[in-house]
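Please look over the sequence and the structure before reading the points below.

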Amino acid sequence: MKKLKYWLLMGVVVAGLAACGDAEETDTDTTNSTPTESNDSATSDVSEGVKVVNASCIGCHGGDLSGAMGPDLTNISLSKEEIIDVLENGKGAMPAGTAAGEEEAVADYLLSIQ
């Protein structure tokens, strides 16, 4: 039981550190970053979303976003507005404000990988 509590605590610490990451300071892996939209503005938004996701989301949702401590983000049924709301206000164990003002770009990226 002590080991379980220790690993849960370590997971929370790692998740907290990942959520506090800065997109400028993080090495970005763009494995899932192929934008599906041809509009330059939309592509730019998706690219910014990739940076934020790699800096702030993979700690809880896994490197391929298929789920870890947090749920799978590769198969979500939320609308863009609902995704933005969760990013801004948090939900469950997910803290608010992890997209650092780039909520729309993150939502665009998540919807592009569905």
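Of the protein's 114 residues, 32% count as buried, where buried means under 20% relative accessible area, exposed means over 50%, and partly exposed lies in between (1.4 Å probe, protein chains only). This is a predicted model, in which local features need pLDDT of at least 70 and side-chain atom pairs count only at pLDDT 80 or more, while totals for chains, interfaces and linings use all residues. Residues are numbered from 1 along each chain as its sequence is written, and side-chain values use heavy atoms, leaving out hydrogens and water.

**Overall build**

- The protein has 5 helices and 0 strands; helices (H or I, at least four residues) and strands (E, at least two) are DSSP runs, numbered from the N terminus.
- Along the sequence the pattern reads α-α-α-α-α.
- Among contacts between residues at least 6 apart in sequence, 59% join residues at least 24 apart; contact means heavy atoms within 4.5 Å.

**Helices H4 and H5**

- Helix H4 (residues 80–89) packs against helix H5 (residues 103–112) at an angle of about 130°, and their axes are 9 Å apart.
- That angle makes H4 oblique to H5, because angles under 35 degrees count as roughly parallel, over 145 as roughly antiparallel, 65 to 115 as roughly perpendicular and the rest as oblique.
- Axes here are lines fitted to C-alpha atoms, for helices over the stretch in contact, and angles run from 0 to 180 degrees between N-to-C directions.
- On the H4 side, Lys80, Ile83, Ile84, Leu87 and Glu88 meet residues of H5, namely Glu103, Glu104, Val106, Ala107, Asp108, Leu110 and Leu111.
- The residues of this contact of H4 with H5 comprise 7 nonpolar, no polar and 5 charged; Ala, Val, Leu, Ile, Met, Phe, Trp, Tyr, Cys and Pro count as nonpolar, Asp, Glu, Lys and Arg as charged, and the others, Gly among them, as polar.

- Most residues other than glycine have a negative phi.
- Leu65, not a glycine, has a positive phi of about 65°.
- Leu65 sits in the loop between helix H3 (58–61) and H4, and at 1% relative accessibility it counts as buried.
- Ala100, also not a glycine, has a positive phi of about 50°.
- Ala100 lies in the loop between H4 and H5 and is exposed, with a relative accessible area of 66%.
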